[in-house]
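This briefing walks through a protein chain topic by topic, for a reader who wants cut-offs stated alongside the values. Please keep the sequence and the 3D view open while reading.

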Amino acid sequence: MPGPSPGLCRALLGLWAALGPGLFGLSAVAQEPFWADLQPRVALVERGGSLWLNCSTNCPRPERGGLETSLRRNGTQRGLRWLARQLVDIREPETQPVCFFRCARRTLQARGLIRTFQRPDRVELVPLPAWQPVGENFTLSCRVPGAGPRGSLTLTLLRGAQELIRRSFAGEPPRARGAVLTATVLARREDHGANFSCRAELDLRPHGLGLFSNSSAPRELRTFALSPDPPRLVVPRLLEVGSERPVRCTLDELFPASEAEVYLALGDHRLSPDITLEGDALVVTATATANAEQEGARQLVCNVTLGGESRETRENVTVYSFPAPVLTLSEPSTPEGKVVTVTCAAGPGALVTLDGIPAVVPGQPAQLQLNATEDDDKRSFFCDASLEVVGQTLSKNESAELRVLYAPRLDDSDCPRSWTWPEGPEQTLRCEARGNPAPSVHCERPDSGAVLALGLQGPVTRALAGTYRCTAVNHQGEAVKEVTVTVEYAPSLDSMGCPEHITWLEGTEVSLSCVAHGVPPPNVSCVHSGEAGVVEGLLRVVRQHAGTYRCEATNAQGSVTKTVAVTVEYGPSFEEQSCPSNWTWVEGSGQLFSCEVDGKPEPRVECVGSEGASEGLLLPLASPDSPSGVPSIASGLAPGIYICNATNRHGSMVKTVAVSTESPPQMDESTCPSHQTWLEGAEAAGLACAARGRPSPQVRCSREGVPRPQRLRVSREDAGTYRCLATNMHGTDTRTVTVGVEYRPVVAELAASPPGGVRPGGNFTLTCRAEAWPPAQISWRAPPGALNIGLSSNNSTLSVAGAMGSHGGEYECAATNAHGRHARRITVRVAGPWLWVAVGGAAGGAALLAAGAGLAFYVQSTACKKGEYNVQEAESSGEAVCLNGAGGGTGGGTGAEGGTEAADTAEAQAGGEVFAIQLTSA
């Protein structure tokens with residue numbers, strides 16, 4: 001069956017799926033055996049758009065069918081059971097097309113719904129007023145014609161980006177189109193220059209379409225505030241023709257002041273104002289100028305316009321004309337003795353006065369005559385004119401000067417006969433003469449021809465002093481005068497008149513005088529440092545006169561001071577404190593004999609030995625300028641009597657000095673050995689430490705760290721490091737001594753392992769530990785017949801492997817060093833099945849005992865005599881040594897502690913000769 005194109009079908013199906021038949025709540029096709037269907041059932045089309053409708057039925061053979069609608073059609077396609085038609089230029093807000101078919105004498109129908117929407121293409125904001133007063137309401141009105149459906153529209157009024165009001169038209173009838181939103185807004189100052197606009201939004205997203213929005217063009221609002229008061233106008237009451245006077249007009253509470261228009265005029269002549277803004281105040285200034293045509297009463301107006309409103313102020317101004325008076329002299333410059341006429345005149349209506357004498361009537365001139373003299377030269381004449389304008393009297397004046405010509409005159413006031421100037425500062429030398437024309441003045445010294453530079457500023461020097469002849473000359477004659485110039489200057493003290501250094505000899509008579517230069521002549525006085533009185537007249541010199549004197553010269557121009565050093569010289573003299581009669585030299589100190597002699601100039605001192613070992617020897621002396629502590633004597637100094645002689649150019653003096661020698665403490669290995677040994681138990685005594693020195697040093701020794709307790713005899717705890725300090729009046733010396741305490745040996749431990757005896761064939765070990773210093777030599781004595789005995793490298797351990805009955809018995813361990821010997825004994829029992837030997841018969845036991853005794857005797861008498869003993873198969877790589885010589889002494893005086901030890905061990909007193917076996921490596 002022919003039908004719409006595939007593209008059209010896809011478009012229709014898409015639109016139908018988007019809108020949905022249930023969007024507007026329409027009922028589905030009636031549930032009948034035969035039905036008619038219209039697709040899309042509901043459609044939303046943009047106004048002026050087009051739409052394809054498909055009308056179909058399930059009737060096998062419909063009689064006829066069609067599509068009823070008032071909309072324009074553009075094309076139709078049909079088949080047996082369907083009909084497709086395109087509707088174009090759809091503009092109706094809402095229409096309901098009907099699809100129908102005639103089937104089996106019944107009419108099948110399907111009704112659809114087509115609605116149109118229109119975008120908000122036109123958004124119009126009603127124009128705002130040109131100016132809006134602040135504090136008053138204005139209306140914002142927004143129109144969106146034709147846009148719809150209105151129920152999907154939202155309008156928003158904006159100030160800039162700020163939303164003022166927003167309204168949604170939801171709930172309006174579907175056929176409603178277009179919308180208007182109106183709001184009343186209060187105008188504010190900050191709204192001036194703000195842009196207002198309207199935004200329209202058509203939201204079709206619930207219908208499967210988008211959000212369409214548009215905004216109006218922004219409209220600028222101009223707000224203003226204008227004070228109800230008129231401007232304040234400040235103007236002159238009177239304005240003279242040709243003159244300029246300031247005008248000022250101000251108005252407050254004006255916003256925006258920059259937008260205000262100002263009109264300022266004098267009569268019909270507009271002024272050029274200068275406008276200044278001061279916040280909300282407007283200040284207008286201008287210069288008012290009047291011409292002759294404006295003479296008379298005029299008005300000055302100030303008008304301020306803002307926002308179509310104006311404020312205005314008017315003030316009255318009187319324009320007048322008043323020319324200055326005219327003053328004339330018949331001879332402005334005249335010789336002395338000639339008559340001069342002076343005239344003062346003014347314009348109509350003005351009353352003139354000449355030097356205080358008024359004219360007879362207003363408008364008439366005033367006049368006077370005089371015979372010119374010297375006193376009239378540079379005389380000023382004054383002409384005053386007064387005019388009354390609007391009840392106010394105005395005045396103007398004019399002046400003129402008369403010049404009278406006369407010969408020069410040199411007065412003492414202008415050119416004094418005597419000039420006195422201080423030296424140094426710049427001065428202007430003036431000698432002025434009266435005369436007209438002005439005379440020229442020339443001052444010259446008759447003796448040298450030197451000329452004073454009159455009228456010029458320059459420094460005053462002593463060379464200007466002298467008498468000058470001054471001459472004043474002009475065309476009327478000349479005048480002559482003698483002038484004396486005196487230059488004063490401050491005092492000076494030079495080395496010729498007042499030397500810096502003066503030397504006096506004790507006992508002579510002198511005077512201290514300083515000659516100073518200066519004008520006027522200075523007064524000179526000298527004062528000794530630290531004293532108040534002035535030095536005057538002759539002085540008998542004593543040493544107290546030496547020192548610094550302050551000499552001051554004073555006159556009217558100032559003062560000068562100078563320091564004079566006075567030295568008093570005298571012969572040598574000895575004093576005990578600075579050069580002692582007895583001196584002790586300390587060996588090694590590098591100290592020199594100091595013999596300072598009083599005298600000026602400084603005496604030369606020499607000390608020579610006079611007897612004994614020092615005869616003829618020079619005693620080295622310390623220089624007052626040499627640093628202390630620097631050794632200058634390389635070898636010993638000979639003691640004895642020395643004669644010291646001090647000499648300068650004023651005499652000499654002799655003194656006898658006795659020199660002795662002493663030395664600081666000194667300890668070394670010979671007087672205080674650094675390592676010392678004590679014996680424990682010996683009587684306690686101090687360290688063997690002594691020191692050399694003079695006087696004899698005192699030596700004290702103390703142990704470092706823990707102090708040594710006081711005890712009668714030496715203990716091992718006395719060992720340690722001692723610090724010995726030797727002291728006498730010239731210093732100290734220290735030495736560190738290490739003390740070791742030696743003591744006799746003591747066998748501190750003798751033990752068997754395992755304890756309690758050993759079975760035949762078993763192993764056992766004996767351990768012997770001794771305490772001694774220096775370390776003790778360990779030796780053992782075994783029971784007779786005990787073979788295969790092993791010893792450790794230091795003999796502290798005795799071991800037996802495979803014990804036999806012969807290994808049972810008493811063992812003795814002996815410790816020996818240089819201070820003695822100590823021994824302890826222990827009994828080892830070997831018990832087992834062979835004890836029947838002891839029970840079997842006394843004869844066998846006796847025979848065995850005799851054999852053992854014989855073997856022991858053989859070992860003692862034979863092997864020990866040879867100094868060695870071979871242990872039978874004991875060590876294949878060792879040898880047995882009999883210690884019956886050194887280190888094996890009798891030691892009879894030392895006994896072991898008595899008592900019985902555990903595990904059947906016991907120790908007994910050691911006595912007699914002890915033989916031991918020591919294994920040494922081959």
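**Briefing**

C443 is buried, with a relative accessible area of 1%, where buried means under 20% relative accessible area, exposed means over 50% and partly exposed lies in between, computed with a 1.4 Å probe on protein chains only. This is a predicted model, in which local features need pLDDT of at least 70 and side-chain atom pairs count only at pLDDT 80 or more, whereas totals for chains, interfaces and linings use all residues. Residues are numbered from 1 along each chain as its sequence is written, and side-chain values use heavy atoms, with hydrogens and water left out.

**Confidence and overall make-up**

- The protein averages a pLDDT of 82, and 85% of the residues score at least 70; pLDDT is the predictor's confidence in each residue, on a scale from 0 to 100.
- Over residues 1–31 the pLDDT is below 50, and this stretch has 47 contacts in the model beyond near neighbours in sequence, a contact being heavy atoms within 4.5 Å.
- The pLDDT is also below 50 over residues 833–922, a stretch with 128 contacts in the model beyond near neighbours in sequence.
- Where pLDDT is low, the predicted coordinates should not be read in detail.
- Three helices and 73 strands make up the secondary structure of the protein; helices (H or I, at least four residues) and strands (E, at least two) are DSSP runs, numbered from the N terminus.
- Of the 922 residues in the protein, 38% are buried.
- Among contacts between residues at least 6 apart in sequence, 64% join residues at least 24 apart.

**Disulfides**

- A search of the whole structure finds 14 disulfides, each defined as a pair of cysteine sulfur atoms within 2.5 Å.
- One of the disulfides joins C443 to C470, with an S to S distance of 2.0 Å, and the torsion about the S-S bond is about 115°, so this disulfide is right-handed.
- The pair links distant parts of the chain, since C443 lies in strand β42 (residues 440–444) and C470 in strand β44 (residues 466–474), 27 residues apart.
- C470 is buried, with a relative accessible area of 0%.
- C249 and C302 form a disulfide with their sulfur atoms 2.0 Å apart, and the torsion about the S-S bond is about -85°, so this disulfide is left-handed.
- C249 lies in strand β23 (residues 244–251) and C302 in strand β29 (residues 296–306), so the pair ties together parts that are 53 residues apart in sequence.
- Both C249 and C302 are buried.
- C672 and C689 form a disulfide with their sulfur atoms 1.7 Å apart, and with 45° about the S-S bond this link is right-handed.
- C672 lies in the loop between β57 (651–666) and β58 (675–679), while C689 lies in the loop between β58 and β59 (692–694), so the pair ties together parts that are 17 residues apart in sequence.
- Both C672 and C689 are buried.

**Sheets**

- Strands of a sheet pair through backbone hydrogen bonds, either parallel or antiparallel; here two strands are taken to pair if DSSP finds at least two bridges between them.
- Three strands form an open sheet in the order β64-β67-β68, with antiparallel pairing.
- The edge strands of this sheet are β64 (777–781) and β68 (820–828), each of which pairs on one side only.
- Neighbouring strands of this sheet are turned by 20° against each other on average, direction ignored, where axes are lines fitted to C-alpha atoms, for helices over the stretch in contact, and angles run from 0 to 180 degrees between N-to-C directions.
- Five bridges join β64 to strand β67 (residues 809–817), and these two run antiparallel; the bridge partner of I778 in β67 is A815.
- Another open sheet is formed by three strands in the order β11-β13-β16, again with antiparallel pairing.
- At the edges of this sheet are β11 (124–125) and β16 (179–186), each pairing on one side only.
- Strand β13 (residues 137–144) pairs with β16 in the antiparallel sense over eight bridges, and V144 stands opposite A179 in β16.

**A buried arginine**

- R115 is placed in strand β10 (residues 113–117) and counts as buried at 16% relative accessibility.
- A polar contact of 2.9 Å joins the side chains of R115 and E94; a polar contact is a pair of N or O atoms within 3.5 Å, and within protein one must be able to donate a hydrogen and the other to accept it, while residues adjacent in sequence count only if both atoms are side-chain atoms.
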